[in-house]
Amino acid sequence: MRDALMNALKTVNDPELHRDLVSLGMIERAEMDGGVAHVKVNLTTPACPLKGKIESDVRAAVLAVPGVQDVRVTFGATVRAAAQPALPGVKHVVLVGSGKGGVGKSSVAVNLAASLARDGARVGLLDADVYGPSVAHMMGQPAARITANEDRKMIPLEAHGVKFLSMANLSPAGQALVWRGPMLHSAIQQFIKDAAWGELDYLIVDLPPGTGDVQLSLTQTVQVTGAVIVTTPQDVALIDAARAVDMFRKASVPVLGVVENMSYFVAPDTGHTYDIFGRGGSRKLGSEYPLLGEIPLDVEVRQDADQGAPAVLAHPDSAAAQALAGVARTLAGQISVRTLHSTLAELPDQLTVV
């Protein structure tokens, strides 16, 4: 009966990789108990954007096996590391950049991290905007102070299921840092290599605006899985976003996609949609950079950030939170596809199922 289940599952393809679940090694369990088939699928990320389709396809395929009266599908998830892991224990480093300030990049980074953690991933968040750190406030920990362990490594703070480090938790509130490039490089090195991040699936890095020293230091210090570009739709923002794309291209960092923030506004009293900044402008960056999502302008996102609670957790049913969660899952899917494409050629045609 197991062979019959396996043959049925060979007909179910991963919707993004277009290869069957068996050859991808995603079937962890396939067995019968009376007339009930029990199948456990090990996803490539707990934030899988197509989990529902995989479940329905598995159910349909297994129900077609003679003798099967019902199907119980359960899921696990193991994020697969890049061919060259970013850091010991850290599978993927993802940079969130914008090219300019004022487009909501930090808010997007915080909500991406919180959404991935809510879905079950192990997530870290690094505030690399040394001159204007805001992650600590958005995470509700502006007054907390970073300590060190017995190995003299910084212990990241934790909030909302996310480990994070920010210069705001190392310097007095309101104090300006007047640092030149070498000091910035040293700080980034310490945040990356002298921190006890532990085991992480994703380390999200909130970059400062522009294309300067911090961006260069990061791409030279750590193996980066890819970058996310945050922009608003109007041309004045897209001009700088294009510069950020060009910077990542020159640094050989893949652009995983674009997030169009403040894409539109829905009036709460009338329900009418206003394209305040000209919706859809992010597509001008080129079709080779997938649009991860369009985030509406929403007062609750701003209020939640001021109160130290990511919108995806504080108001999960709002349109903005739903869009942000969708971006996080689409991003996780993009990372899985990129990682698995690099190893597909090495996979055997069929893997043994326990």
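This is a predicted model: local features need pLDDT of at least 70, side-chain atom pairs count only at pLDDT 80 or more; totals for chains, interfaces and linings use all residues.
Visitor: How compact is the protein, judged by its radius of gyration?
Guide: The protein has ten helices and 15 strands. For its 354 residues the globule rule gives 20 Å, and the radius of gyration is close to that value, so the protein is as compact as a globular protein of that length, with a radius of gyration of 22 Å.

Visitor: What percentage of the residues of the protein count as buried?
Guide: A residue counts as buried when its relative accessible area is under 20%. Among the 354 residues of the protein, the part that counts as buried is 52%.

Visitor: Is Gly99 buried or exposed?
Guide: UniProt, in an unreviewed entry, places the feature "binding site" at several residues, including Gly99 and Gly102. Gly99 lies in the loop between strand E4 (90-97) and helix H3 (105-118), and, leaving aside neighbours within four places in sequence, Gly99 is in contact with Pro209, Gly210, Asp240 and Ala244. Because its relative accessibility is 15% and the limit is under 20%, Gly99 counts as buried.

Visitor: Is Gly102 buried or exposed?
Guide: Gly102 also has its place in the loop between E4 and H3. Its relative accessible area is 71%, and since a value over 50% is needed for the term, Gly102 is exposed.

Visitor: Which residues does Gln141 touch, not counting residues up to four places away in sequence?
Guide: Gln141 is placed in the loop between helix H4 (135-138) and strand E6 (147-148), and with 28% relative accessibility Gln141 counts as partly exposed. The C-alpha atom of Gln141 is separated by 9.4 Å from that of Ala168, which is 27 residues apart from Gln141 along the chain. Once residues up to four places away in sequence are set aside, Gln141 touches Ala136, Glu158, Ala159, Phe164 and Asn169.

Visitor: Which residues form a nonpolar patch on the surface with about 270 Å² of accessible area together?
Guide: One member, Ile276, is found in the loop between strand E14 (273-274) and strand E15 (291-294). Ile276 is partly exposed, because its relative accessible area of 49% falls between the 20% and 50% limits. The nonpolar patch, with about 270 Å² of accessible area together, is formed by Tyr274, Ile276 and Leu297.

Methods: Residues are numbered from 1 along each chain as its sequence is written. Side-chain values use heavy atoms; hydrogens and water are left out. Patches are made of residues with over 30% relative accessible area and no salt bridge: like charges are joined within 9 Å, nonpolar side chains (Val, Leu, Ile, Met, Phe, Trp, Tyr) within 5 Å. Accessible areas come from the Shrake-Rupley method with a 1.4 Å probe; for residues, only the protein chains shown count as cover. A salt bridge is a side-chain nitrogen of Lys or Arg within 4 Å of a carboxyl oxygen of Asp or Glu. Helices (H or I, at least four residues) and strands (E, at least two) are DSSP runs, numbered from the N terminus. Buried means under 20% relative accessible area, exposed over 50%, partly exposed in between (1.4 Å probe, protein chains only). UniProt positions are given in the numbering used here, feature names are shortened, and annotations may be inferred rather than shown by experiment. Contact means heavy atoms within 4.5 Å. The radius of gyration is taken over C-alpha atoms; the globule rule is 2.2 Å times the number of residues to the power 0.38.
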